[in-house]
Amino acid sequence: MKPMKHTIAVIVNDQPGVLQRVSGLFGRRGFNIDSITVGASEEEGLSRMVIVTTGDEHTLEQIEKQLYKIIDVIKVIDLSSQPMVSRELALIKVKAEPRERPEILGVVETFRATVVDIGPGTIIVQVVGESQKIEAMVELLKPYGIREISRTGVTAMVRGQTTDGK
């Protein structure tokens, strides 16, 4: 079977150490985490982790079984098996001499990104979208000299009904 990217949501009790236990499980089992985001969920006392990992269907099954062994894990949902919306945010600091700025601003406009800071020799750009969009923008900005990149990781939801089908 061909490895593919999987996006899973893990609903957990909002307790200290849960993130460490979940990420530790991945490490111990040899599963890579491509991206992980954690934040409050719609239900008080619960957090939602969105994890992007790569593997075949068997790997995904193993991850799910292992996650359910963690006491604070309430639910595991394979978001990528359904139509979903996923987004990531990136801040990209680019070297920007005054003569290069119009070209850089053209790239920013094309990607519907935003300039959030301009310094004497740099511009910080904010871009939101699917990971491929961010990667494409990074590639176009590389020739100008990227100084720093900070990415949030993917967050995602199933389209339409709620994740649990309601």
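Buried means under 20% relative accessible area, exposed means over 50%, and partly exposed lies in between, with a 1.4 Å probe and protein chains only. By that scale Asp34 is partly exposed, because its relative accessible area is 34%.

## About the model

This is a predicted model, in which local features need pLDDT of at least 70, side-chain atom pairs count only at pLDDT 80 or more, and totals for chains, interfaces and linings use all residues. Residues are numbered from 1 along each chain as its sequence is written, and side-chain values use heavy atoms, with hydrogens and water left out.

## Strands around strand 7

Let's start with the strands. Helices (H or I, at least four residues) and strands (E, at least two) are DSSP runs, numbered from the N terminus, and two strands pair if DSSP finds at least two bridges between them. Strand 7 (residues 122-129) pairs with strand 5 (residues 84-95) in the antiparallel sense, over 8 bridges.

Strands 6 and 7 make a hairpin with 3 residues between them. Here Asp117 stands opposite Ile124 of strand 7. In a regular strand, side chains alternate between the two faces of the sheet.

## Salt bridges

Here a salt bridge is a side-chain nitrogen of Lys or Arg within 4 Å of a carboxyl oxygen of Asp or Glu. Searching the whole structure turns up 8 salt bridges. One of them joins the side chains of Lys5 and Asp34, at 2.9 Å from N to O. This pair links distant parts of the chain, with Lys5 in strand 1 (residues 4-13) and Asp34 in strand 2 (residues 33-40), 29 residues apart. Lys5 counts as exposed because its relative accessibility is 53%.

Lys93 forms a salt bridge with Glu148, and their closest N and O atoms are 3.1 Å apart. Lys93 lies in strand 5 and Glu148 in strand 8, so the pair ties together parts that are 55 residues apart in sequence. Both ends are partly exposed: Lys93 has a relative accessible area of 25%, and Glu148 has 48% relative accessibility.

## A salt-bridge network

Glu135 counts as partly exposed at 43% relative accessibility, as does Arg151 with a relative accessible area of 33%.

## A positive patch

Arg28, Arg29, Lys65 and Lys69 gather in a patch of positive charge on the surface. Members of such a patch have over 30% relative accessible area and no salt bridge, with like charges joined within 9 Å. Arg29 lies in helix 1 (residues 18-29) and counts as partly exposed because its relative accessibility is 48%.

## A buried glycine

Is Gly153 buried or exposed? Gly153 counts as buried, because its relative accessibility is 11%. This glycine lies in the loop between strand 8 (146-151) and strand 9 (155-158). The C-alpha atoms of Gly153 and Tyr68 are separated by 23 Å, and the two residues are 85 apart along the chain.

Conventions: Patch = residues over 30% accessible without salt bridge, like charges linked within 9 Å, V, L, I, M, F, W, Y side chains within 5 Å. Areas by Shrake-Rupley, 256 points an atom, 1.4 Å probe, with all protein chains shown as cover. Lys, Arg positive; Asp, Glu negative; His and termini not counted. Charge placed at Lys NZ, Arg CZ, Asp CG, Glu CD.
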